[in-house]
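This report describes one protein model, part by part. Look over the sequence and the structure before reading on.

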Amino acid sequence: MAKKLVIKVTAGTDAPERCSQAFTVAAVAAASGVEVSLWLTGESSWFALPGRAAEFELPHAAPLPDLLDTILATGRVTLCTQCAARRDITEKDVVEGVRIAGAQVFVQEAMADGTQALVY
């Protein structure tokens, strides 16, 4: 069984169910003691900014801010470098605990022994 879960979420408000699924799986895994690394890419990049997760709504889904808080409390959240640059987001703009890193770091995490990677 994988000891670490790396999840890349590419969807945001443009595909709310896929977005919610990624955050839900990450939060459940984190709450279950799995080491979680959630990567925000594409439209999910906006959720690295304060208050943006609170704007997300999907019926019958857990509130995104709660899921993000769970992941941040026990895991790691990373905003893609290129995605941040395309949106003029810098390290001083993001929620506390979110880092900005690129593909090299993602590949390093995803290829580590005992790691399962998922993309939503």
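Leaving aside its neighbours within four places in sequence, which residues is Ser37 in contact with? Ser37 is in contact with Lys4, Leu5, Val6, Ile7, Arg76 and Glu109, where contact means heavy atoms within 4.5 Å.

## Basis of the report

This is a predicted model, in which local features need pLDDT of at least 70 and side-chain atom pairs count only at pLDDT 80 or more, while totals for chains, interfaces and linings use all residues. Residues are numbered from 1 along each chain as its sequence is written, and side-chain values use heavy atoms, with hydrogens and water left out.

## Ser37 and its strand

Ser37 is in strand E2; helices (H or I, at least four residues) and strands (E, at least two) are DSSP runs, numbered from the N terminus. Ser37 counts as buried because its relative accessibility is 1%. Buried means under 20% relative accessible area, exposed over 50%, and partly exposed in between (1.4 Å probe, protein chains only). In E2, 5 of the 6 residues are buried.

The side chain of Ser37 also makes a polar contact, at 3.2 Å, with the side chain of Trp39. A polar contact is a pair of N or O atoms within 3.5 Å; within protein, one must be able to donate a hydrogen and the other to accept it, and residues adjacent in sequence count only if both atoms are side-chain atoms. E1 and E2 run parallel and are joined by 6 bridges (two strands pair if DSSP finds at least two bridges between them). Opposite Ser37 in E2 stands Val6.

## The nonpolar cores

A nonpolar core is a set of buried Ala, Val, Leu, Ile, Met, Phe, Trp, Tyr and Cys residues joined through side-chain atoms within 4.5 Å. The largest one has 32 residues, and those touching the most other members are Phe23, Leu38, Leu40, Ile71 and Leu79. At least two residues each come from strand E1 (4-9), helix H1 (16-31), strand E2 (35-40), helix H2 (64-74), strand E3 (76-80) and strand E4 (98-101). H1 gives the most, with 7 residues.

Not counting residues up to four places away in sequence, Phe23 touches Val9, Leu38, Leu40, Phe47, Leu64, Leu67, Leu68 and Ile71. Another core, of 5 residues, lies apart from the largest one and includes Val6, Trp39, Ala101 and Ala110. In soluble globular proteins, nonpolar side chains tend to be buried together.

## Helix H1

H1 has 16 residues and reaches 22 Å from its first C-alpha to its last, close to the 22 Å expected at 1.5 Å a residue. That expected span is 1.5 Å times one less than the number of residues in the helix. Among the buried residues of H1 are Cys19, Phe23 and Ala30, and their cover includes E1, E2 and H2. Just after H1, Gly33 has a positive phi of about 95°.

## Cysteines

How many disulfides does a search of the whole structure find? The count is 0, a disulfide being a pair of cysteine sulfur atoms within 2.5 Å. Cys80 is in no disulfide either, and the nearest cysteine sulfur, that of Cys83, is 3.0 Å away.

## Positive phi in two loops

Most residues other than glycine have a negative phi. His60, in the loop between E2 and H2, has a positive phi near 65°. Asp88, in the loop between helix H3 (81-86) and E4, has a positive phi of about 55°. His60 is exposed, at 88% relative accessible area, and Asp88 counts as exposed at 66%.
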